[in-house]
Amino acid sequence: MDTNLIILTLASVLADSAPLVFAVIGETLGEKAGVTNLSLDGSIVLAAMVGFAIAFTTSNLYLAFLAAMLVGALVAALIAFSSIVLKLDQIAVGFVLTILCTDLSTFFGNPFVRKPNPPAVPGLAIPLLKDIPIIGKIFFDQNVVVYLSLVLIAAAWWWIYKTQPGLRLQGIGERPAAAFARGANVNWQRFVYTLVGGSLVGFAGASYSLFVKLGWSYHHTTGIGWIALAIVIFGGWHPIRGAVGAYIFGGLQSVSSFAQSAFPNVPTQVFQTAPFALMILALLLVGNEQIDRFFSGSPVSRRIWQSLRGAPPGALSTTFEQE
Amino acid sequence: MRLELKGIHKRFGSVHANDDISVTIEAGTIHGLLGENGAGKSTLMKVLSGFIHRDAGEILLDGAPVEFKTPAEAIRAGVGMLHQDPLDFPPLRVLDNFLLGRADGLWLKRAQARANLRKFCHQFGFAFDPDAFVSSLTVGERQQLEIMRLLSLGAKILIFDEPTTGISLPQKIKLFDTLRSLAQQGMTIIFVTHKLQDAEDLCRKVTVLRLGRVTGEVARPFTADQLVRLMFGQSLETQARESIALGEAVLELREVCIGDYRLRVPDINLQVRAGEVIGLAGIEGSGQRLCLRACAGLDQPLAGEIRIAGERMNRQPYNKFQDRGVAYLPAGRLEEGLVPGLNLTEHLILAERSNEFFVNWKAASSHAQSRINEYSIRGMPASRVEALSGGNQQRALLALLQPNLRLVLLEHPTRGLDIESSLWVWRQLLERRRRGAAILFSSADLDEIFEYSDRILVFSGGRVAKALRAKETSVQQLGELIGGKGLGIGD
């Protein structure tokens, strides 16, 4: 394999994983606040459909992404309202919404299935920077969606770990009673973070139908939402580790498509499903007690290992009420 | 800051938790708030610190009426509360815990906070690694961290809710020194407790609550008996120790080594005879829990031999230990001892370990009712265990024990219980002992260890001292052993 191919592959992994990054970071923000938005798979597919439909009818991509974000935020608002105000079970509500959103996308998306010449996000190479050897081709010859995904990773990390509101966000997800004692308006903030997270998930949906997986068909992105939920766990509720998880999944998909051409005798389904199976394996490794013990042997390896694994926010999927 | 509470009322449904409570506390003093569990102390303090809203009454700070809607507002006005289980964030680092909730701009000023923390540590003689995780600290250290945090936010009135529960003796001494020095600097300290000894040691004035009302206020010098009468309306008698003839060996540990990934305690040799009570003393986490669990077969010893009534029990499961008359009552009553979500009847059915396929609910329910009466549990056969108070959960656990036990293992049998419940628990245990059971218990309360043990086993820094006869041991001696003196460590 020559260097050019490697560079192209890395660039495509970066691009193809961008929607997943949006979804993972959106979900991470919500879960950090203590709210699980389990509807991801449905939200993404519905947002993908709405984004595509708006873009197709109005040819306005800004409007399309905005509408997709609105869809994501709307579903998230339902989750937030039912869990924070009605105190319903987040998992149950999320599950039902997944199914509902998927079916809605099929129903309303009917007129838009497999349209020729679908609208797409145009490429936007950054002048000067794109000419830097290797790096330029990978990072700066992409489009706005990819750049935004990179900015989002850094911004989420900065917000959570470097700012006072971010620290408070960790607090309300870990121990809402203590965060409340320190002046946080727990339920209001949970609402806000769930909505922000939901709109990022919606953005992820539109970036599939308008960029990574152009067009619209039934169940266009099905499966991605569940992978995003798994990657949030894999990433230990940390935006950078979560993004790495998204890129690993993207990388596995690239590798499997290469492998598919290298081993034409093996049924293609094997390679299509391999990334999912490998992701399960990765999750097992992260959560395995034996491996945990193995790495806890020496202080150095324990440090590295601990920075790699994360615990869920202490109050994840619970409700908070002032006495 | 001078604090006045005037005619505070608070109702929860039909319970009048605070019934016309008035207290005045002068600046620069340590004021005790004494009462049994459920006397209304915590409610009053939560009203004062903005956690709950009063139904009626006034709060005055330096003569000016104040109104707190949230705990954050109370802190801004100078009132900070330290909860029994410190309200901090165990998964976060010490520094971030110190910073969280500060209203000073968008950026986290970590460098500034680090210096600030160091200054406070220096002032009180605390030692903290700002980058350590709070989960690695002891309860005592977490309290110290909270004290520094509240002071740094400008608290002038500090409320301590049962701060001596769950901390070791040296930490308690340190805490009391800190409180005294804070009072000298003009802070107003409110010390909420149900422990007479703590109130006597520390407080200049003590207000006693009982069933939501103030039953009296005493100033130094006061006697413990005075306090008891105010707390209970009568003096409590602790019963004289009944000496009984010891039976045959029930439990034998021969060169047993216990441990987990962070601790190793080698060479434990112990023989416990029927009718004997052994107290396990030491700083929390020195191996007492491991030892109890090993004796129950819940953890395997790393080396050595465990014998129950003469039979070697290594590598046997808990139910084999149960068959031989061993029972284990963990400190986490709801977490480990009981099954939240199941009611008392269901617990009893599980505890009977019956082989019947069908459950006779009617019989089980009346059986449960008779146990409830026998053990005076405040609850119904259909009450779920998580709805019971701590004392009633412990009563329920005792009610679930089989009638003829050889060995009862208890971890912190009276932790968090009020005096009356504690006495009741021990009456039950001593009755078991009279019927020939041996008792092995761990406790952080040295008074409890002295009062009930025949012999005391001290765990300290990965070592176990030879069992001491309780009658021939002084508090001084025990304290030194717990601190690691005389065990070949640190001397």
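Start with two helices of chain A. The axes of α1 (residues 3-16) and α12 (residues 239-262) come within 9 Å and cross at roughly 125°. This is a predicted model, in which local features need pLDDT of at least 70, side-chain atom pairs count only at pLDDT 80 or more, and totals for chains, interfaces and linings use all residues. Residues are numbered from 1 along each chain as its sequence is written, while chains are lettered from A and ligands numbered from 1 in the order in which they are written.

Some terms come first. Helices (H or I, at least four residues) and strands (E, at least two) are DSSP runs, numbered from the N terminus. Axes are lines fitted to C-alpha atoms, for helices over the stretch in contact, and angles run from 0 to 180 degrees between N-to-C directions.

The crossing is right-handed, a term for a near helix turned clockwise from the far one by less than a right angle. On the α1(A) side, the contact is made by Thr9(A), Ser12(A), Val13(A) and Asp16(A). Across from them stand Tyr247(A), Gly250(A), Gly251(A), Gln253(A) and Ser254(A) of α12(A). Contact here means C-beta atoms, placed from the backbone, within 7 Å. These residues divide into 2 nonpolar, 6 polar and 1 charged. Ala, Val, Leu, Ile, Met, Phe, Trp, Tyr, Cys and Pro count as nonpolar, Asp, Glu, Lys and Arg as charged, and the others, Gly among them, as polar.

Helix α12(A) also meets α2 (residues 18-32) of chain A. Their axes come within 9 Å and cross at roughly 150°, again with a right-handed crossing. Residues from α2(A) include Leu20(A), Val21(A) and Val24(A), and those from α12(A) include Ala243(A), Ala246(A) and Phe249(A). This contact has 8 nonpolar, 4 polar and no charged residues.

Next, look at where the chains touch. The contact takes 20 residues from chain A and 22 residues from chain B. In chain A, α8 (164-174) and α9 (176-181) each supply at least two residues. Helix α8(A) gives the most, with 6 residues. By class, the chain A side has 7 nonpolar, 7 polar and 6 charged residues.

Now turn to the interior. In soluble globular proteins, nonpolar side chains tend to be buried together. A nonpolar core is a set of buried Ala, Val, Leu, Ile, Met, Phe, Trp, Tyr and Cys residues joined through C-beta atoms within 7 Å. A residue is buried if 20 or more other C-beta atoms lie within 10 Å of its own, exposed if 12 or fewer, and partly exposed in between. The largest core has 140 residues, and Val21(A), Val24(A) and Ile190(B) are among those with the most contacts inside it. Helix α4 (residues 61-85) of chain A gives the most to this core, with 14 residues. A second, separate core of 66 residues includes Met313(B) and Val464(B).

Finally, some backbone details. Most residues other than glycine have a negative phi, and most peptide bonds are trans. Arg114(A) has a positive phi, near 45°, and is exposed, with 9 other C-beta atoms within 10 Å. A cis peptide bond joins Arg220(B) and Pro221(B), with omega about -10°. Pro221(B) sits in the loop between β10 (213-219) and α8 (224-232) of chain B.

How values were computed. Contact = placed C-beta atoms within 7 Å.
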